[in-house]
Structure formats: C-alpha cells, structure tokens
Amino acid sequence: MTDYLVPALFLCVFAAALRRRIDLYGALTDGALEGLRLTLRIAPPLIVLLPAAAMLRASGALDVTAELCAPLLRRAGLPPETAPLMLLRPISGSAALAVGMELMRAHGPDSRIGLITAVMLGSTETTFYTISVYFGAAKIRRTRYAVPAALIADLTGFLASALTVRLFFP
C-alpha cells in the first residue's frame, strides 16, 4: 500500500491541476525558485554555525569549559562528562551526536552517563541551528527573547534528563 502512496498523490495533484486549468509546470518551477531563494537566505548563519562547532571541539575549548563547569554540574546532578554535549547541542546536532557516540562508547549505552546522554539528545534542540533556519526563512533579523527562552528550555531539558534517568533507572 505505501509503495503506491506517493505516485497516487502525484496523480491526484496532477488531476486537480488539470481540472482547475493550472499551469502545473509553471507552479513547480516557481516553487523550486522560491526554495532556492529560501536556501540562500538561511545559508549564511548555517555556514557560520557548523565550522564554529568544529572549531570548539578541535581547539580544546570544550574540554577546558567542561572542567571549569564540573563542580556546578555535579551540584545540579549532571555528570561532568556530559558537559561537551550540553555545550555543543544548542549549536550543532551532528557535533552533539558525535560527542554522544563518544560518551556511549567510553561509558556504555546502559551506563548512567549513556542513559543521560541518550535522553539529553532526545529532549533538547539544536537551538541556534533551528532559530537561524526558521527566523531566516521568515526574514526575521532580531530574535529578541527567542534565544534566551530556547536556551532556558535546553537547560531544563538537560536537568530533566538527569532527573528522569535517576527516577526511572535507579
């Protein structure tokens, strides 16, 4: 059944366009042009974010920051080993996944750190990436309260991850 869903959808769109006498090819090319314009609008922030995340990892700045934050993280109930993940997750999903894989490889997926890492990856967002894509698509230059609110939501997700693992996996 699912093999026929996409072709059936195309046929329905084609039939509706014929019935309404819509220039389907013109509509498709206009949509493609708008997609290219949107890509050009959101590309600059992405071009900046992805290398920035790679530079943070390669420079060792993440490790230094993680060591500085370790006492605060322990007090909050978070393993200090997850600090690089918490610092990278708002910037880059792929970098955060790489750090998550490293943590799970080092500590095991069923360890406390592995479980917290998995829950963190599932309950937080790539904040700056998402904001740059959506605000760029909507042509919004000033994010106002969106960034602080999203970062507070990420922090809540990180703290809730540790609490959830502690409650459900004692």
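**Fold, charges and selected residues**

Modeller: In sequence order, the protein chain reads α-α-α-α-α-α-α-α. This is a predicted model, in which local features need pLDDT of at least 70 and side-chain atom pairs count only at pLDDT 80 or more, while totals for chains, interfaces and linings use all residues. Residues are numbered from 1 along each chain as its sequence is written, and side-chain values use heavy atoms, with hydrogens and water left out.

Colleague: How many helices and how many strands does the protein chain have?

Modeller: Helices (H or I, at least four residues) and strands (E, at least two) are DSSP runs, numbered from the N terminus. The pattern along the sequence is α-α-α-α-α-α-α-α. The count is 8 helices and 0 strands.

Colleague: What radius of gyration does the protein chain have, beside that of a compact globule of 170 residues?

Modeller: The C-alpha trace spans about 65 × 40 × 30 Å along its principal axes. The radius of gyration is taken over C-alpha atoms, and the globule rule is 2.2 Å times the number of residues to the power 0.38. A compact globule of 170 residues would come near 15 Å, but the protein chain has 22 Å.

Colleague: What percentage of the 170 residues count as buried?

Modeller: Buried means under 20% relative accessible area, exposed over 50%, and partly exposed in between (1.4 Å probe, protein chains only). The protein chain exposes about 11,600 Å², of which carbon and sulfur atoms supply 69%; these areas come from the Shrake-Rupley method with a 1.4 Å probe, and for residues only the protein chains shown count as cover. Of the 170 residues, the buried share is 32%.

Colleague: Among contacts between residues at least 6 apart in sequence, what percentage join residues at least 24 apart?

Modeller: Contact means heavy atoms within 4.5 Å. For the pairs at least 6 apart in sequence, the share joining residues at least 24 apart is 67%.

Colleague: How far apart do the centres of the positive and negative side chains lie?

Modeller: Lys and Arg count as positive and Asp and Glu as negative, with His and the chain ends not counted. The place of a charge is taken as NZ of Lys, CZ of Arg, CG of Asp or CD of Glu. There are 16 positive and 11 negative side chains, and the centres of the two sets lie apart by 9 Å.

Colleague: Which residue forms a salt bridge with Glu34?

Modeller: A salt bridge is a side-chain nitrogen of Lys or Arg within 4 Å of a carboxyl oxygen of Asp or Glu, and the structure holds 1. With the closest N and O atoms 3.8 Å apart, the partner is Arg37.

Colleague: Against which helices do the buried residues of α7 pack?

Modeller: Helix α7 covers residues 127-137, and its buried residues are Thr127, Thr130, Ile131, Ser132, Val133 and Gly136. The helices against which these residues pack are α2 and α8.

Colleague: Is Ala66 buried or exposed, and which residues does Ala66 touch?

Modeller: Ala66 lies in helix α3 (residues 61-76), and its relative accessibility of 10% makes it buried. Ala162 is 96 residues away from Ala66 in sequence and 17 Å away in space, C-alpha to C-alpha. Not counting residues up to four places away in sequence, Ala66 touches Ala83 and Pro84.

Colleague: Which residues does Gly114 touch?

Modeller: Gly114 is in helix α6 (residues 112-123) and is buried, with a relative accessible area of 0%. Gly100 is 14 residues from Gly114 in sequence and 8.0 Å from it in space, C-alpha to C-alpha. Leaving out residues up to four places away in sequence, Gly114 touches Met104, Gly108 and Pro109.
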